[in-house]
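Welcome! Have a look at the sequence and the model below, and keep both at hand while you work.

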Amino acid sequence: MAATQFTQLQAYLDTQVVGQQLLTTNILVALLADGHLLVEGPPGLAKTRAVNALAKSIEGDFHRVQFTPDLLPADLTGTDIYRPETGNFIFQQGPLFHNLVLADEINRAPAKVQSALLEAMAERQITVGNKTYNLPDLFLVMATQNPLEQEGTYPLPEAQLDRFLMHLEIDYPGAQTELEILRLTRDEAMHKVPVAPPKLTQSDIFAARQQVLGIHLDESLERYLVELIIATRQPEKYHADLGNWIEFGASPRATIALDKCARAHAWLMGRDFVGPDNIQAVFHNVLRHRVLLSYEAEAEGVSRNQVLDKILHLVPVP
């Protein structure tokens, strides 16, 4: 039942976000793996629309926060408000208490705001004053970054980026997809009847997560998965170039994330087991923000994607 619901949800998202199947698929992977998503791409590629479409399809509330240089941590977490009629302070919840949160252009906010968000993502709680408040059981953050502009931005530190389950890179659509986008927006402007979104309850999502965790992962593939991570920490054992290109490798958090995402990807494909192709399909998105390149790699114009491609090529598949 849960698999059918998610198949319907993915089909719905693909009708609402045309030509961005990588984005729609990985939003569902993040939802199933109980993690958060960082999406990087030029403006106008339906990043906000994708989260809006997801919010319409599941039980829960959604809030979008536009990150700006003057944003304060309390603008996310909430704050204690003094009530003169009672003489007491009452906590006013901030946007982080919603189930789905879109942090738009996260790199435009200063470090204090980024830290408040990333702490909430990692701990699923926030502290205001001397009190700690738990966030909802269903809590997903999708943050966006615009790679085109660097002025007035605050790049996220590598250690904080590690809090994201995945880092996606999306690009402009092709000509045929652009035509489909034109027709979709025209139909919406004419108030034509849209495709009705499916309705998933939070119980449906939690049940699906349990099914994902129960998917079979062969011991040989477990070793393969770990070996891919080890290759980022001891790259010189695999190739001299890798040893020169990688400054710091991925932490055990990456191993856990790769396992979760590979299972979710296999489940979305209708499988009851994880194959090497599932691990490879999510490998770049899980590791892209967790591998720190050396100065030599940057000087040679080597990208993280190229480094990850080489690791996949060098580590033998069982």
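Here are some exercises, each with a worked solution.

Before you start, note that this is a predicted model, in which local features need pLDDT of at least 70 and side-chain atom pairs count only at pLDDT 80 or more, while totals for chains, interfaces and linings use all residues. Residues are numbered from 1 along each chain as its sequence is written, and side-chain values use heavy atoms, with hydrogens and water left out.

**Exercise 1. Aromatic rings**

Find out how many aromatic pairs the whole structure holds, and describe two of them.

*Solution.* A pair of aromatic rings is described by the distance of the centres and the angle of the planes. Rings of Phe, Tyr and Trp (its six-membered ring) pair if their centres lie within 6.5 Å; planes under 30 degrees apart count as stacked, over 60 as edge-to-face and the rest as tilted.
- Step 1: The search gives 4 aromatic pairs.
- Step 2: One of them is tilted: tyrosine 82 and phenylalanine 89, at 5.2 Å centre to centre and with 55° between the planes.
- Step 3: Check how covered these two are, where buried means under 20% relative accessible area, exposed over 50%, and partly exposed in between (1.4 Å probe, protein chains only). Tyrosine 82 is partly exposed because its relative accessible area is 44%, and phenylalanine 89 is exposed because its value is 58%.
- Step 4: Phenylalanine 91 and phenylalanine 97 form an edge-to-face pair, with 5.8 Å between centres and 65° between planes. Phenylalanine 91 counts as buried at 17%, and phenylalanine 97 does too at 11%.
- Step 5: Phe91 and Phe97 belong to one aromatic cluster with Tyr133.

**Exercise 2. A covered strand**

Which residues point each way from strand 5, and are they buried or exposed?

*Solution.* In a regular strand the side chains alternate between the two faces of the sheet.
- Step 1: Leu100, Leu102 and Asp104 point one way, Val101 and Ala103 the other, and all are buried. Strand 5 is thus mostly covered, with 5 of its 5 residues buried.
- Step 2: Strand 5 pairs with strand 2 in the parallel sense over 5 bridges; here arginine 64 stands opposite leucine 102.
- Step 3: Strand 5 also runs parallel to strand 8, joined by 4 bridges, and alanine 103 has alanine 143 as its bridge partner there.

**Exercise 3. Helix 12 and what covers it**

Describe the span of helix 12, then name elements that cover its buried residues.

*Solution.* The expected span of a helix is 1.5 Å times one less than its number of residues.
- Step 1: Helix 12 (residues 276-287) has 12 residues and spans 16 Å from first to last C-alpha, close to the 16 Å expected.
- Step 2: Its buried residues include His284 and Asn285.
- Step 3: The elements covering the buried residues include helix 2 (21-33) and helix 14 (304-314). Contact means heavy atoms within 4.5 Å.
- Step 4: In helix 2, asparagine 26 is buried at 5% relative accessibility. Not counting residues up to four places away in sequence, asparagine 26 touches Leu37, Met166, Leu168 and Asn285.
- Step 5: In helix 14, asparagine 305 is partly exposed at 24%. Leaving aside neighbours within four places in sequence, asparagine 305 is in contact with Glu169, His284 and Arg288.
- Step 6: The side chains of asparagine 305 and arginine 288 make a polar contact (3.0 Å). Such a contact is a pair of N or O atoms within 3.5 Å; within protein, one must be able to donate a hydrogen and the other to accept it, and residues adjacent in sequence count only if both atoms are side-chain atoms.

Terms used:
Helices (H or I, at least four residues) and strands (E, at least two) are DSSP runs, numbered from the N terminus. Two strands pair if DSSP finds at least two bridges between them.
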